[in-house]
Each structure stands twice: as C-alpha cells, then as structure tokens.
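Please take a moment to look over the chain below, and then follow the explanation from one part of the fold to another.

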Amino acid sequence: MPGAIYAEGLVKSFGAVRALDGVDLDVPEGTVLGLLGPNGAGKTTAVRVLTTLLQPDRGKAVVAGIDVLAHPDKVRRSIGLSGQFAAVDEYLTGRENLTMVGRLYQMSGRAAKRRAAELLERFHLGDAADRTAKTYSGGMRRRLDLAAALVVSPPVMFMDEPTTGLDPRNRQELWDVIQELVAGGTTLLLTTQYLEEADRLAHDICVVDHGKVIARGTADQLKARTGGERVEVVVHDSEHLTVAEEVLRGFGKGEGTVDPHIRKLTVPVTGGAKLLAEVIRELDLRGVEIDDIGLRRPTLDDVFLSLTGHHVEDAECDGAGGGSTDASAGRADAGGGAVGRQKRGRKGAGTAGVEAGVTSDREGVK
C-alpha cells in the first residue's frame, strides 16, 4: 500500500531542461523523508508537483491517499507547505500574519489569535509580535514563515530547505518542533542540503541529481558508501602540501582532496585511531609540521562528490535559465485553494498581498 506521500515516474521539463526525470518516492505515514541534492537537482520542483503548484508532464502522485492530479483541492486541505524562501506580508505585523493564516483556515477570530500567540512564543518572536514584518531580520522572517505553516497541524507537511538562514540555536529549535510533529503522526517530506539535518530528522533519505533519484537509504548507509571515515590534515606551511599529499595517498582508500587556500588535505581511510597515529608518525618522519589533524565522518559534500562527481556548490540551478524559484509558502484555505503571496504595487511601493488559489513564481523555476 502506498505511503502518505507517493510518486511514480514523475517527469517535468522546462524547455530543454528536464527538472524531473522519472522520480519515484514512497514515504510511510508518520515518517520523515529527507530529499537531498545539490542546487538544481530537482528537489523544489518535486515539492511543487506534490503540493499541486505544478503539474507534471508525466507520472503519478498521491498525497494523503488523494490523487494530486485528479483532486488538487482535496490535497491542499490535507497538507502544509513551507516554501524555500520566507513569504510573509511585510506590511502586517508578525501577529497579524499568523492570525490571517488562521482565518484563511476558517478558524474563529479568537482561536486564530490564540494560535498566533502560541506560535510567536514557540518561535521566539513574542517581543517582535507587533512589529511589521518588514522590520524583521532574514532569520526572523524565516521563523515567521515556518510558524505560518504550522498554524494548523496537517497530516502531511512539506518543508523546502526550512533552516536556510537560521542560526544554530534557531535551527535546533526548529528540529525539536519537527520531531514533535512527527511524534504526533505527521508525515514530512524535507528537502535540505545539510546532511546533519537529514541525519537528525529523516528516517530515510533520497539523493537526487539532474532530476533522478541516484541513491536511497539511511544517513549511515549513504555515509558508508563514501568510505566511512576521513583523515583531515591542516599543514603549517603550504610548501609541505605536496609531501603531505604523498603521505596521505599511501594511507587512503580513495581519492583525496586538497584545499591550498587553507592548507587542508582530506582522504578517505579505514582503521580509525590506530591509523591516525601512523599518519602522524609518517608526517613527522617526513618533516611535515601540522596545525591540526583528525578523523571525521563524511560530510554532505563527501557524499555528493562520491555519488555525482561534483561538490554541492558546483551544481547549476533548476529550470530554464538557471533561475531560482520561490515555491510560495502555500497554505490551505477552507475551499482547498493553495494560498500564496503575490507582490502588488501600491503608490509605487511593493505590497505583499494574499490570495487563495494564487501562487507567485518570482524568479523562474527551480
């Protein structure tokens, strides 16, 4: 039986660019799927298809047991979405933004205000609750947008890189919120570029690149595919990089990397602390002075270098022209219409308005 989020053979093209090329997903109820991929891999496009913001060229998608193509309005009643970029009305206060979303869900005025107050405190925005959102920092806007996605706790949630722009404390707090939601039975599809985030939150992970799923498994399984451990060395003098590289190559179990700007070398190894001691001894014998050395587990970039042959930051953007997209922080109104934010002019000044059933593609397609 398909999970709470199910996709089969999703294909979506933008001109000559195939953003999705036969994507299959299956997320059991009450679990978290981490969708990992470099910029341009197709993550946001997949989210937009599953949340009814885009129609696929081919394929099947079912969310909360509802066919996405046949009954998009019903799907919108059953999902919550926090898009990749914060989408808040800058001319409303934080409290007004959240109350407005509650009213769009047909909550009573009193209930909407009460829920807004709860979320403002939960996301540490209480002191700024009655300031207009245009005075908020980027991180504060992001937290407000995430709070808006949680005004009503839907059975299925989509979060597109939700912690981008958050400081470590706020990121940790959001992780706690997500874990509470999932513990209560919510199913979540989470896109992220942070392996640490997926490692902490996701039960399963799909890695996508060029519109295709190229790897599946748990965080530990993906890390194991890259060699398990790395020795990382920072040499004191850049003139010793060549010698240090020769030494590490003798211990390595795969291709290493060198960053001459910070005099750091990294190589995959097996053998743990005992091997680390041998590396230190050999570097000392060769006269290489080091500033730092250690063993670490693979990072997201290690995973992608192993799976795709390029680093995360080397990837191009999704969609025609390489533009990025705001997937519009879609909410669900009582009639099932996705609620997006759309910029409108007012006496020459841009004003953020809200309309049911309208999405705003501000910068192209991602």
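In this predicted model, glutamate 161 sits in the loop between β7 (156–160) and α6 (168–183). Its backbone has a positive phi of about 50°, although the residue is not a glycine.

Glutamine 106 belongs to the loop between α3 (94–104) and α4 (109–122).

Two packed helices are described by the angle between their axes and the distance between the axes. For α3 and α4, the axes come within 8 Å and cross at roughly 130°, which makes α3 oblique to α4, and the crossing is right-handed. On the α3 side, the residues that meet α4 are Gly94, Arg95, Leu98, Thr99, Gly102 and Arg103, and the residues they meet in α4 are Gly109, Ala112, Lys113, Ala116, Ala117, Leu119 and Leu120. Sorted by class, the residues of this contact comprise six nonpolar, four polar and three charged ones. An α-helix has 3.6 residues a turn, so residues three or four places apart point the same way. Keeping this in mind, the reader may look along α3 for its buried residues, which include Gly94, Asn97, Leu98, Thr99, Val101 and Gly102.

Leaving aside residues up to four places away in sequence, leucine 144 touches Val88, Gly94, Asn97, Leu98, Leu120, Leu125, Ala133 and Tyr136.

The axes of α9 (residues 241–251) and α10 (residues 272–285) come within 10 Å and cross at roughly 150°. Why do α9 and α10 count as roughly antiparallel to each other? Angles over 145 degrees count as roughly antiparallel, and the axes of α9 and α10 cross at roughly 150°, so the two helices are roughly antiparallel. Their crossing is right-handed. In α9, Ala244, Val247, Leu248 and Phe251 meet Leu275, Glu278, Val279, Glu282 and Leu283 of α10, a contact with seven nonpolar, no polar and two charged residues.

Between α6 and β8 (187–192) there is a loop that holds glycine 184. Glycine 184 counts as exposed because its relative accessibility is 67%. Although glycine 184 and serine 153 are 31 residues apart along the chain, their C-alpha atoms are separated by 9.7 Å.

Finally, the chain can be viewed as a whole. It has eleven helices and 17 strands, and buried residues make up 51% of its 366 residues. Among contacts between residues at least 6 apart in sequence, 68% join residues at least 24 apart.

Technical notes
Residues numbered from 1 in each chain as written. Predicted model: local features only at pLDDT ≥ 70, side-chain atom pairs only at ≥ 80, totals over all residues. Heavy atoms only, no water. Axes fitted to C-alpha atoms, helices over the stretch in contact; angles between N-to-C directions. Helix = DSSP H or I, 4+ residues; strand = E, 2+ residues; numbered from the N terminus. Parallel < 35°, antiparallel > 145°, perpendicular 65-115°, else oblique. Left-handed = near helix turned anticlockwise from the far one by under 90°. Contact = heavy atoms within 4.5 Å. Nonpolar A, V, L, I, M, F, W, Y, C, P; charged D, E, K, R; others polar. Buried < 20%, exposed > 50% of the residue type's maximum accessible area, 1.4 Å probe, protein only.
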